[in-house]
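Subject: Structure handover

Hello,

Here is the structure I said I would pass on. Please open it and keep it beside this email while you read.

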Amino acid sequence: MTTTSMVQPKFLSKGDELGVVAVGFSGGQCKPGVDAAPSALISNGLLTQLREELGYKLFHDDQVHSYKDLIPAHDPDFRGMKNPLAVSAVTRTLSEQVYSHAKEGRCVLTLGGDHSIAIGTIAGTAKAIRERLDREMAVIWVDAHCDINTPESSDSGNIHGMPVAFLAGLAKESREDIFGWIKKENMISLSKLVYIGLRDVDRPEKQILRDNKIKAFSMHDIDRHGIGKVMEMALGHIGNDTPIHLSFDVDALDPLWAPSTGTPVRGGLTLREGDFIAECVHETGCLVAMDLVENVRGKGATRVTIPSLRLSSVLEKAGRAISHCDNLESGFSPGQSPKMASSESTMTEVIVQRVRTKYHWPPIQLNFWILIMLVGSATILGIFANFITVQQQLQVGIPWYFPYWITVSSLALIFILLMLWLISQRQLLPGIVIMGSFILFVLWIVGLIVVSIELWGPVGSVSGNCSLYVDGNNVQGPNIEALAWLEQRSICQSWTAAWAFELVGCVFLLWMMIMAYQVYRDDI
Ligand SMILES: NC(=[NH2+])NCCC[C@H](N)C(=O)O
């Protein structure tokens, strides 16, 4: 082992071991994306860094758990909570996973996931620490939010805003399948809870903090005293003989450093302050577990911003906790507009509105569909242009839907080229995509219906003629009839190909509308 750390862990019997649990779960809130972060972190080399640069012996099952089998098909709101059965079942299983590492005396790192998963991680560590050391542990909750809403006080109903209330017993539920499984041994004491980085606290939460005299260091305190003094006070409050569970929500960092999070709030910690917190906690030797949550990779498949967690600066300081999230932007790009900390002025708010001109499109999906649509539109254009030439050659009339399809497929080509240009300018607004796709969808579906009627009846069907005169009349030999037959067969095949591409085009346009709506919704 090549660990660079000189700090002796006080509460771990196997200080060189690290249990890693990767949790791809986002049911504690409504936006997709947080569930994809653990895989992004792992594929960006996090585990290798932990193993090779920090010298940990890793215990990881090589899985990013999505707990699909635990998520019920029907999960109605309960006491205002969204997805109560799913979040309860997932956190319960997670608590057992974390417990199984922590009871071995090793440190546990959990990669989230939204912050609701802390119900599981903290419940698991708290139980193991009680059993192993007969002690209560402390929790340092680094976050822009204090996540201490009860189901009744929460406006959103999102459980990622409630984990502390359940863990501290402020919110109770007797139903075993809705957090009733959280027992005394899983709980934490409010006197051993410290918040750092708060700046977006709901009114009822403020009351809870006051009523229970919970130690909380807001951004205001950090500005006033500096992060050094705040850490001194925070650790002083906990005392140096208490195991610490560090629950780090990346939204504690300013969106400048960590824009890839579901609920960004301006006016947060600098990258360096985030590192400093982690270093200070590490230096105590009391760290027993850590969560890293609310990282977003691609909201749904929508986002391109990839957070890659590095342990660089912590490494330099021989630390062993989180360092920073940097963002590699590419393609169709950055951020959801961050919420303003309550103390910021409306002037700044105006500026935020103005700079928000870029949107998060899912690049792989979008590129794939655009390619299919390009091929489809060009093929349809070619087929109907060819049909017109054939009709002219035979000196028979040209049905209206031949030029119609030429126009509609050309419009689709123009629309795609326009989209590509807007993407290159990073200006592809969801509204444009919704409008354009809708108009084209109506035009395409009309054309598809007409072509389907021509192909399969009720009055005279192309498909019927093809099977009768072409499939059923195979002509061979080096003669003009065989050539004519081949041409007829290629016309029949063109009909089917045109129909297939029209159908795919309709699906594409429908999907574009849905995807654009999702992008629009995520952005407001
Ligand atoms: N872990 C988070 N990002 N929490 C955000 C919570 C926001 C808000 N206070 C709520 O209860 O819905």
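Below are notes on what was found, starting with the whole chain and then going place by place.

**Overall**

Please keep in mind that this is a predicted model. The protein has 524 residues, and 54% of them count as buried. Its secondary structure consists of 17 helices and 11 strands. Take the contacts between residues with a separation of 6 or more: 75% of these join residues 24 or more positions apart.

**Transmembrane regions in the record**

UniProt, in an unreviewed entry, gives the feature "transmembrane region" at residues 366-388, 400-421, 428-453 and 497-520. Two of these spans can be described from the model. For residues 428-453 the end C-alpha atoms lie 36 Å apart, with 92% helix and 0% strand.

**The second largest pocket**

This pocket has a volume of about 550 Å³. It is lined by 23 residues, and the closest to its centre are Val390, Gln391, Gln488, Ile491 and Trp495. Which elements give two or more residues to the lining? They are helix 13 (363-394), helix 14 (401-424), helix 16 (462-471) and helix 17 (480-523). Helix 13 gives the most, with seven residues. Sorted by class, the lining has 14 nonpolar residues, eight polar and one charged.

Thr91 belongs to helix 3 (residues 84-102). Is Thr91 buried or exposed? Its relative accessible area is 0%, and buried means under 20%, so Thr91 is buried. The side chain of Thr91 reaches two backbone oxygens: that of Val87 at 2.6 Å and that of Ser88 at 3.1 Å. If residues up to four places away in sequence are not counted, Thr91 touches Ser116, Ile117, Ile119, Gly120, Phe179 and Trp181.

Arg106 sits in the loop between helix 3 and strand 4 (107-111). Arg106 counts as buried because its relative accessible area is 9%. Which side chains does the side chain of Arg106 meet in a polar contact? One is the side chain of Glu17, at 3.0 Å, and another is the side chain of His101, at 2.9 Å. Apart from neighbours within four places in sequence, Arg106 is in contact with Leu12, Lys14, Glu17, Leu18, Gly19, Phe59, His101 and Val288. Lys57 is 49 residues from Arg106 along the chain, and their C-alpha atoms are separated by 9.9 Å.

Leu269 is in the loop between strand 8 (244-249) and helix 10 (271-284). Its relative accessibility is 0%, so Leu269 counts as buried. Leaving out residues up to four places away in sequence, Leu269 touches Val142, Met219, Ile222, Ile227, Ala252, Leu253, Asp254, Trp257, Gly274 and Ile277. Val250 and Leu269 are 19 residues apart in sequence, and their C-alpha atoms are 9.7 Å apart.

**Backbone points to look at**

Most residues other than glycine have a negative phi, and most peptide bonds are trans.

The peptide bond that joins Gly112 and Gly113 is cis, with omega about 10 degrees. Gly113 lies in the loop between strand 4 and helix 4 (118-133).

Asp134 is not a glycine, yet its phi is positive, about 55 degrees. Where is Asp134 found? It is in the loop between helix 4 and strand 5 (138-142). With a relative accessible area of 71%, and exposed meaning over 50%, Asp134 is exposed.

Lys213, also a residue other than glycine, has a positive phi near 50 degrees. Lys213 is in the loop between helix 7 (203-211) and strand 7 (215-218). The relative accessible area of Lys213 is 73%, so Lys213 is exposed.

Regards

Terms used. Residues are numbered from 1 along each chain as its sequence is written. This is a predicted model: local features need pLDDT of at least 70, side-chain atom pairs count only at pLDDT 80 or more; totals for chains, interfaces and linings use all residues. Side-chain values use heavy atoms; hydrogens and water are left out. On a 1 Å grid over the protein atoms alone, a cavity is a set of points where a 1.4 Å probe fits but cannot get out, and a pocket is an open set with protein on both sides within 12 Å along at least five of seven lines; lining residues have an atom within 4 Å of a point. Grid points are joined across faces, edges and corners, and a volume is the space filled by probe spheres set on the points. Helices (H or I, at least four residues) and strands (E, at least two) are DSSP runs, numbered from the N terminus. Ala, Val, Leu, Ile, Met, Phe, Trp, Tyr, Cys and Pro count as nonpolar, Asp, Glu, Lys and Arg as charged, and the others, Gly among them, as polar. Buried means under 20% relative accessible area, exposed over 50%, partly exposed in between (1.4 Å probe, protein chains only). A polar contact is a pair of N or O atoms within 3.5 Å; within protein, one must be able to donate a hydrogen and the other to accept it, and residues adjacent in sequence count only if both atoms are side-chain atoms. Contact means heavy atoms within 4.5 Å. UniProt positions are given in the numbering used here, feature names are shortened, and annotations may be inferred rather than shown by experiment.
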